[in-house]
Amino acid sequence: MKHVALFVLLIVVNEKIKQCQPFAPFLPAKRALMTIRRNQFLEAAPETTSSLHNASINTNTTKNDIMWEPSQKYVQETLMYKFKKHVNIQGEGYEELWKWSIEHSDEFWSTLMDFLNLQYSGSKIPVKEGTILPDVEYFPNVRVNFAENLLKHGHPKSPLAQSEALVSVSEARPDIRWTFARLREDASRVQSALAKMGITEHDAVAAYLPNIGETILAMLGTTSIGALWTSTSPDFGVPAVVDRFSQVLPKVLFTANGYVSKGERISMLNKIEDLMEALPSIQRVVMIHLLDEEREEWASNSKLASSTVSWESFLEEGSCDDGSAPENYFTRLAFSHPQFVLYSSGTTGLPKSIVHGAGNTLLQHAKELMLHSDLRPNDRMLFFTTCGWMMWNWMISSLYAGATVVCWDGFAAYPRLSSPWDLVEREKITHLGTTPRYLQACRARVRPHRDNDLSKLRVILSTGSPLAPQDFDYVYNYVHKDVLLASISGGTDICSCFALGNPLLPVRKNELQAIGLGLDVCAYDSDNRQSVVGIKAELVCKAPFIAAPVGFFGDDDQKSKYRSAYFLDEPGVWFHGDMVEVTGSVGKAGGMIIYGRSDATLNPGGVRIGTSEVYRFVESVEAVVDSLVIGDVIKSGKRAGDVRVVLFVKLEDDLALTPAIEEKIRTTVRTGASEAHVPAVIQQVQKIPYTKSGKKIEIAVRNLFADGTLPNNLGALLDPSAFDEYLRLAEAGL
């Protein structure tokens, strides 16, 4: 059966290869076509633009509690404050700076590029060509190299050359450390070895690797050339990897012979063997031997031996005859040159292959890390992520700021739930990236403020899902009283954030502090065609922004897939798919509350409810460990067509769902939210299904119960077996 499945998979991939030409969608568009499309959109634009800027403000909103406030001394040390002074924005608040950045968008991005000292060549004039997304190109006359900017601190003349740049911590082996100078040298070896193979900026390179230092080096060597980089984590199944990589046709694959998670040693031999058969575009495999016991088996595998080279031998190939590193060579290409491909989760269809530009990603990340996250030279960034999540790309860009990246490979909460806090203490982390799911798990019994020295910790970043009010309480009561807790939100679509932290502002419970600079983002009432404050509505971006993708792989010349993903409702207005509220605590610039995906919105009796509104109260019930909620359309009876709220709950070990627990849940939701939020059905389950990036798969579960639609790829789930009991429940009926 394995061989039959693989044969079918190979046929499908070969058909894709016949239809797909790498990079073809990103050749410069004909000016005539752009002019025609721009004129078509401009016919509709005036009404859209004027209505979008008429904001409806609910003045009866209650401000959320302030949990932390920066001192004036701290504020004046931040780069955000210094940038505000640099552009001569008056006033003490952030809203004035944000308003200037969107009203003078071209001036903002041009000024920011030099303020942050990006290394580039060419002219910044014009800042952009085109006025309506997706037909916009930023800095068309600028040439830049992504790796050159991240490796600049390794230059012999840099004061940070001998400072620590990268720490690789893994369950599989002892720690490995690189200075900025060594990182630059090893990246040049990777670049040289790839160049000797004939890899150019027109090719793609992929990684099927854990979050280790070599993965970062492989990316830096690849982007030094300008070749396209794409990656995923080793826990993905082969079909899920083929769904992704077959769209970009990589010539080189960086992988490992295995990995370790929760102490278990897991071989990759069979996976790589199947992947090589399914992806004939791969000409060479570079193998990192994390499991010593697997070396001989790899060497004796006739199918892989001829095309596989060890990491150590690969670096030797890229070295000079005397073993030294060759001079760095950075290929500067167009600012919007396709540099990274990231993928949507793929639980409801084939993963979208979203392409991000080199300069676009670099400038956006630098802004978010250095201004919004207060990341400074010699700071230390630890983000618990995999190579299949956009936060990996975001984390690595910390090198640009001169900060140390500490990457973790393994199961974060192993051998103890408190292990991540131990690592924060050991590595003197200043910036920690985590998820609400981990903070939720810690609430009851982990007390870092008592058990760990977190004196160096200055910023905690949380993403993957909305941060619950209880998590704010937990952090400030039991982790660190004097820390900026930045709940951030954006996603794979933009490889960055729409709303995030801000060191100039207080942290308010339940809120993301602010909308990002240069982003004309609002909560948008589609019915009345206006932005709103203090009211739940759609998150949109009303004007072009630098982090927008440069395209989708496999799209047509008219960018039909791209347009249908974000721009169907109104020309040039990016609809992100989140239901949010701009609270007004920072005027129109924030704060923001994320209620969940707008397409997962519950709608009982016509009342729009975000899923996070239910989780907030359900998961405060002591017996509940985790939960998932969907809106289930009633199929018969007097209420046919209406929606009922169905709640799945995972309870504490050995607990069964009793009428008393059900009543406690319903009372808590009713008291905390409203009668409309109260679940009509509560069903106990053993597992809650998540994607590998930590998102609950509400839409896939909803579709299963609605019409029996199965997820496109269970391999995209963190635990594919988590879906089994939902299949049984859907068959039996609730």
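Biologist: Angles under 35 degrees count as roughly parallel, over 145 as roughly antiparallel, 65 to 115 as roughly perpendicular and the rest as oblique. So are H25 and H26 roughly parallel or antiparallel to each other?

Modeller: This is a predicted model, in which local features need pLDDT of at least 70 and side-chain atom pairs pLDDT 80 or more, while totals for chains, interfaces and linings use all residues. Residues are numbered from 1 along each chain as written, and side-chain values use heavy atoms, without hydrogens and water. The axes (lines fitted to C-alpha atoms over the stretch in contact, with N-to-C angles from 0 to 180 degrees) of helix H25, residues 698-707, and helix H26, residues 724-732, cross at roughly 25° and come within 9 Å, so H25 and H26 are roughly parallel. Helices (H or I, at least four residues) and strands (E, at least two) are DSSP runs numbered from the N terminus.

Biologist: And which residues make the contact?

Modeller: H25 contributes Val 701, Leu 704 and Phe 705, and H26 brings Tyr 726, Leu 727, Leu 729 and Ala 730, contact meaning heavy atoms within 4.5 Å.

Biologist: Switching to the sheet, what is the strand order?

Modeller: Eight strands form an open, mixed sheet in the order E15-E14-E11-E9-E10-E17-E18-E31, where pairing takes at least two DSSP bridges. Its edge strands, each pairing on one side only, are E15 (308-310) and E31 (551-552). E14, residues 284-288, runs parallel to E15 and is joined to E15 by three bridges, with Met 287 standing opposite Ser 310.

Biologist: Which helix lies across E17 and E18?

Modeller: That is helix H16, residues 358-372, which runs at about 75° to E18, residues 353-357.

Biologist: Where does Gln 339 sit, then, and is Gln 339 buried or exposed?

Modeller: Gln 339 belongs to strand E17, residues 338-343, and is buried at a relative accessible area of 2% (buried is under 20%, exposed over 50%, partly exposed in between, with a 1.4 Å probe and protein chains only).
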